[in-house]
Amino acid sequence: LAMSEAMDSSEMFRHLSSLSLDEKKYVSGFLAVIMIADGNIDDKEVAVWQLTCSLANFPSMSMKESIEYWRTH
């Protein structure tokens with residue numbers, strides 16, 4: 001936990017980019033589930049999720065596809 005708190009964003013994206021395809025899909029879904037947990041999907045949250053997925057070289061998936069992958073794996 002301490003290492004993650006000290007990690008800068010460029011290092012975080014390097015780590016996320018190095019994940020396997022399945023791991024990337026899972027993380028994408030996990031982030032989407034966190035975002036929708038309060039029942040209020042804000043445009044800014046969606047933009048951050050999309051940016052994160054893009055910068056981490058996650059596969060192109062809709063939020064629904066990401067959540068479904070997370071739920072089934």
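**Notes on the helix packing**

1. Start with helix 3 (residues 21–36) and helix 4 (residues 43–55), which pack at an angle of about 170° with their axes 11 Å apart. Helix 3 and helix 4 are therefore roughly antiparallel (angles over 145 degrees count as such). Axes here are lines fitted to C-alpha atoms over the stretch in contact, and angles run from 0 to 180 degrees between N-to-C directions.

2. Before going on: this is a predicted model, where local features need pLDDT of at least 70 and side-chain atom pairs pLDDT 80 or more, while totals for chains, interfaces and linings use all residues. Residues are numbered from 1 along each chain as its sequence is written, and side-chain values use heavy atoms, without hydrogens and water.

3. Who touches whom? Helix 3 brings Ser28, Leu31, Ala32 and Met35, and helix 4 brings Glu45, Val46, Trp49, Thr52 and Cys53; contact means heavy atoms within 4.5 Å. By class, that makes six nonpolar, two polar and one charged residues.

4. Now look at helix 5 (residues 63–72), whose buried residues are Met63, Ser66, Ile67 and Tyr69 (buried is under 20% relative accessible area, exposed over 50%, partly exposed in between, with a 1.4 Å probe and protein chains only). They cover an arc of only 160° around the axis, so they sit on the same side of helix 5. Their cover includes helix 3 and helix 4. The face turned away from the buried side carries the exposed Lys64, Arg71 and Thr72.

5. Finally, Glu11 lies in helix 2 (residues 9–17) and is partly exposed, at 30% relative accessible area.

Methods:
Helices (H or I, at least four residues) and strands (E, at least two) are DSSP runs, numbered from the N terminus. Angles under 35 degrees count as roughly parallel, over 145 as roughly antiparallel, 65 to 115 as roughly perpendicular and the rest as oblique. Ala, Val, Leu, Ile, Met, Phe, Trp, Tyr, Cys and Pro count as nonpolar, Asp, Glu, Lys and Arg as charged, and the others, Gly among them, as polar. The arc is that of the directions from the helix axis to the C-beta atoms.
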